[in-house]
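Please consult the sequence and the structure shown below.

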Amino acid sequence: MTSEMDFPATGWTPLPQVVARRIQAMILDGELQPGDQIPSQRVLSERFSVSRASLREALLTLETLGLIKTEPGRGTFVTARKASGSERLKWRYADSYAVQDVFQTRLMLESEIAAHASGSISGEALDQLRVTTDRMERCWEAGDLLANVEADLLFHQTIALACPNLMLRTLYETVRSLLTETQRQPIPRTEADRMRASLGEHRQIITALATHDPEAARLAMASHIRNTARCAGVMI
């Protein structure tokens, strides 16, 4: 199965993401069924001709999205259901930062980035935001969670790149891996209604940016991040 996000706008895809897509394709195409144990890391690394490190990163991404689950002493299995509201979601940076702290940082930083970007964002960037939001919708409907999240990541990165404040852009890039993980982490709890709401929030952000209204952009981004955190079971 080939995703429309196989060739993103940057023209380059990190190897772990390529591997994650190939494993996701095995699931979507029925080669791996819910409850099936996926092949060992040795087998997969040989099959895809990648290092164990790249494979582990791919598996971590898939587990964050709720597509697979590792059971200590047993192996890694394709999941059969979404997480319940009471089930604790996997947070890969738990040894370093609490997920609530990261969401709070994202709230402060991205809200200000959106406000600053509203004054100078280009028509090309706005078109990119519309395209990525539409792509998110199509990929969600197709069950392509990786591509859905990749489009979401590109949406937020596009706004950050449009921010004229170099310090804010630098801060975003410095902590980007942590911030973007909060975009993957709620996916196992995301139902269709929440995804529709999230897409609507993206379009509200676009409208605020297109009208060059900094306060509206700040509030729209803040509301979006708070709702995303709530979906992950985090109140900020």
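How many residues of domain 1 are in contact with residues of domain 2? In this predicted model, 11 residues of domain 1 touch 11 residues of domain 2. The protein chain is divided into domain 1, spanning 15–78, and domain 2, spanning 99–232.

**Separation and buried area**

- A distance of 27 Å separates the C-alpha centres of domain 1 and domain 2.
- Between domain 1 and domain 2, about 940 Å² of area is buried, and carbon and sulfur atoms give 59% of this area.
- Of the area that domain 1 buries against domain 2, 57% is supplied by Gln-24, Thr-64 and Leu-65, more than by any other three residues.

**Polar and charged pairs**

- The interface of domain 1 and domain 2 holds 1 salt bridge.
- Arg-21 forms a salt bridge with Glu-150, and their closest N and O atoms are 2.6 Å apart.

**The side of domain 1 that touches domain 2**

- Two or more residues each come from α1 (15–28) and α3 (52–64) on the side of domain 1 that touches domain 2.
- The element giving the most to this side of domain 1 is α1, with 5 residues.
- Sorted by class, the side of domain 1 that touches domain 2 comprises 5 nonpolar, 5 polar and 1 charged residues.

Technical notes:
Residues are numbered from 1 along each chain as its sequence is written. This is a predicted model: local features need pLDDT of at least 70, side-chain atom pairs count only at pLDDT 80 or more; totals for chains, interfaces and linings use all residues. Side-chain values use heavy atoms; hydrogens and water are left out. Domain bounds come from an automatic or database domain assignment. Contact means heavy atoms within 4.5 Å. Buried area is the accessible area (1.4 Å probe) that two parts lose on being put together, summed over both. A salt bridge is a side-chain nitrogen of Lys or Arg within 4 Å of a carboxyl oxygen of Asp or Glu. Helices (H or I, at least four residues) and strands (E, at least two) are DSSP runs, numbered from the N terminus. Ala, Val, Leu, Ile, Met, Phe, Trp, Tyr, Cys and Pro count as nonpolar, Asp, Glu, Lys and Arg as charged, and the others, Gly among them, as polar.
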